[in-house]
Amino acid sequence: MADILQELLKRRSCRKYQAELIKDEELDKIIKAGQFAASGMGKQSAIIIAVTNKAVRDKISAMNAKIMGPAFTGDPFYGAPEILIVLADKTIPTYLYDGSLVLGNMMAEASSLGVGSCWIHRAKEEFLAEEGKELLTAWGIDADRYEGIGHLAIGYPQEAELKKLAAPRKQPFIYFIK
């Protein structure tokens, strides 16, 4: 049986990726972990968009970089070959939390498979912009109903990323009320 705590303790955000796409079986498991995240009242407000097409991935990267401003000149996805975009139905009161849990589940599963991941923000701003709304509409998603929660950059980590240690936990972090 898997030791979930050990998996969570070893997970790190990855910021240097190999160029190759991850195996389809691994991608399917990561997405399945997100699909089975808890959601408020079981409403399952979140959806996942798996972007494995390099041209589309690069377009979304450019949109994300634009939001960061003209001083930013890099790739907001740190060279990850694939991204998973999480959006959620904003008519459901728990949509933001539901989408966050989807991202958390996917990060944990990716780590357990040896796949690097990093939560990247600005999905909300991307899909509020006309260019983002056009993409959603082209993909058959109601751009007025769904709000971007976040992106998950995923891919096989470069060797140096495998040696990263956890940052010390802030104190106080836990309060026991008995």
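**Computed geometry of the predicted chain**

E26 touches L113, V115 and Y156, not counting residues up to four places away in sequence, where contact means heavy atoms within 4.5 Å. The model is predicted, so local features need pLDDT of at least 70 and side-chain atom pairs count only at pLDDT 80 or more, whereas totals for chains, interfaces and linings use all residues. Residues are numbered from 1 along each chain as its sequence is written, and side-chain values use heavy atoms, with hydrogens and water left out.

E26 belongs to helix α2; helices (H or I, at least four residues) and strands (E, at least two) are DSSP runs, numbered from the N terminus. The relative accessibility of E26 is 14%, so E26 counts as buried. The classes are buried for under 20% relative accessible area, exposed for over 50%, and partly exposed in between, with a 1.4 Å probe and protein chains only. T91 is 65 residues from E26 along the chain, and the C-alpha atoms of E26 and T91 are separated by 32 Å.

The chain contains six helices and four strands. Their order from the N terminus is α-α-β-α-β-α-β-α-α-β. The chain has a radius of gyration of 17 Å, close to the 16 Å that the globule rule gives for 178 residues, and is therefore as compact as a globular protein of that length. The radius is taken over C-alpha atoms, and the rule is 2.2 Å times the number of residues to the power 0.38. The C-alpha trace spans about 45 × 40 × 35 Å along its principal axes. Of the 178 residues in the chain, 38% are buried. The accessible surface comes to about 10700 Å², and carbon and sulfur atoms account for 57% of this surface. Accessible areas come from the Shrake-Rupley method with a 1.4 Å probe; for residues, only the protein chains shown count as cover. Among contacts between residues at least 6 apart in sequence, 84% join residues at least 24 apart.

Two packed helices are described by the angle between their axes and the distance between the axes. For helix α2 (residues 24–35) and helix α4 (residues 95–112), the axes come within 7 Å and cross at roughly 145°. Axes are lines fitted to C-alpha atoms, for helices over the stretch in contact, and angles run from 0 to 180 degrees between N-to-C directions. The α2 and α4 crossing is right-handed. A crossing is left-handed if the near helix is turned anticlockwise from the far one by less than a right angle, and right-handed if clockwise. On the α2 side, K29, I30, I31, A33 and G34 meet V102, N105, M106, E109 and A110 of α4. By class, this contact has six nonpolar, two polar and two charged residues. Ala, Val, Leu, Ile, Met, Phe, Trp, Tyr, Cys and Pro count as nonpolar, Asp, Glu, Lys and Arg as charged, and the others, Gly among them, as polar.

Backbone geometry was also examined. Most residues other than glycine have a negative phi, and most peptide bonds are trans. R122 has a positive phi, near 80°, and is a residue other than glycine. R122 lies in the loop between β3 (116–120) and α5 (123–128), and counts as partly exposed because its relative accessibility is 22%. Apart from neighbours within four places in sequence, R122 is in contact with N64, I67, M68, P76 and H151. M41 is located in the loop between α2 and β1 (46–51), and its relative accessibility of 79% makes M41 exposed. Q171 and P172 are joined by a cis peptide bond with omega of about -5°, and P172 lies in the segment after β4 (146–155).

Two further positions were considered. L9, in helix α1 (residues 4–10), counts as partly exposed at 48% relative accessibility. L9 and S111 are 102 residues apart along the chain, and their C-alpha atoms are separated by 10.0 Å. G140 occupies the loop between α6 (130–138) and β4 and is exposed, with a relative accessible area of 67%. Between G140 and E130, ten residues apart along the chain, the C-alpha separation is 15 Å.
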